[in-house]
Amino acid sequence: MIEVARVRLNGWQQAAVALGSAVGALLDPRRADLIAALGETTGKPAFERVLERMKRSPEGRAVLLERPRVIASKVGHAWDMPENTFGAAYARFMGSRNFSPDDRPPVRFMDTDELAYVAMRAREVHDFWHTLFGLPTNLIGESALKVIELEQMYLPMCFLSVVGGTARFNNQQRALFFQHYFPWAIQAGVRCTDLMCVYYEQHFHEDLEDVRRKWGIIPAPTAPKQNFM
């Protein structure tokens with residue numbers, strides 16, 4: 001069972017939270033709590049569609065039944081995996097950035113526990129997607145991943161994040177993004193499997209390149225030598 005301090009909102013309150021979160025997130029994209037609130041208050045129909053897809057998928061049903069959490073106490077064994085594995089690649093991604101799986105904000109604005117779990121799962125697998133697609137966590141990398149997330153989940157928050165992120169690019173970053181990363185992200189998001197229906201933790205022990213091939217993952221292109229980041 002996911003721990004949720006759920007907040008009940010009427011329509012006007014939900015709109016107010018969504019608007020306030022959108023403005024705040026545009027002003028400060030580092031505010032994960034505002035981005036999370038925006039995703040929840042605008043994303044219920046999208047999360048409902050994701051839930052239905054998960055119910056139709058064998059792995060997705062297993063995820064819904066067992067409700068795994070991507071928290072340190074549950075995924076710490078990834079740090080002990082052989083170097084070539086998906087689990088080890090995830091551990092390197094997290095360790096090199098001093099990230100903790102426990103840093104994700106809680107879900108607060110979902111109507112049901114089942115939808116709250118889907119929203120939390122989408123939030124917690126974000127770093128798995130960074131690992132699989134080989135994307136950095138700078139503004140360009142996050143914007144590119146939001147394009148893929150938009151194609152995978154149709155969350156309005158993802159579209160707003162792409163718009164807000166690209167608006168903050170300088171001219172060189174904008175050129176790099178739209179010439180190299182955006183076309184790749186469009187192709188990568190369409191080609192890969194339904195990423196919300198993958199039980200990632202059960203594949204930690206598998207070779208990284210093998211799981212990429214199995215799930216149709218196209219790794220991100222290598223950036224030009226110029227430092228656009």
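Here are a few friendly notes on a helix pair and on the aromatic rings of this predicted model.

1. Let us begin with α9 and α10. Helix α9 covers residues 139-153, and helix α10 covers residues 156-167. Their axes lie 8 Å apart and the helices pack at an angle of about 155°. Since angles over 145 degrees count that way, α9 is roughly antiparallel to α10. The crossing of the two helices is left-handed.

2. Now for the residues where these helices meet. From α9 come L139, S143, K146, V147, E149 and L150, while α10 brings M157, C158, F159, S161, V162, G165 and T166.

3. T166 in α10 is worth a look of its own. Its relative accessibility is 12%, so T166 counts as buried, the cut-off being under 20%. Beyond its neighbours within four places in sequence, T166 is in contact with S143, R174, F177 and F178.

4. On to the aromatic rings, where the count comes to 16 pairs. One of them is F133 with W184, an edge-to-face pair with 5.9 Å from centre to centre and 80° between the planes. F133 belongs to helix α8 (residues 126-133) and W184 to helix α11 (residues 171-191), so this pair ties together parts that are 51 residues apart in sequence. Both F133 and W184 are buried.

5. Finally, do have a look at the ring cluster: W79, F86, Y90, F128, Y200, F204 and W215 are linked into it by ring pairs.

Note on methods:
Residues are numbered from 1 along each chain as its sequence is written. This is a predicted model: local features need pLDDT of at least 70, side-chain atom pairs count only at pLDDT 80 or more; totals for chains, interfaces and linings use all residues. Side-chain values use heavy atoms; hydrogens and water are left out. Helices (H or I, at least four residues) and strands (E, at least two) are DSSP runs, numbered from the N terminus. Buried means under 20% relative accessible area, exposed over 50%, partly exposed in between (1.4 Å probe, protein chains only). Contact means heavy atoms within 4.5 Å. Axes are lines fitted to C-alpha atoms, for helices over the stretch in contact, and angles run from 0 to 180 degrees between N-to-C directions. Angles under 35 degrees count as roughly parallel, over 145 as roughly antiparallel, 65 to 115 as roughly perpendicular and the rest as oblique. A crossing is left-handed if the near helix is turned anticlockwise from the far one by less than a right angle, and right-handed if clockwise. Rings of Phe, Tyr and Trp (its six-membered ring) pair if their centres lie within 6.5 Å; planes under 30 degrees apart count as stacked, over 60 as edge-to-face and the rest as tilted.
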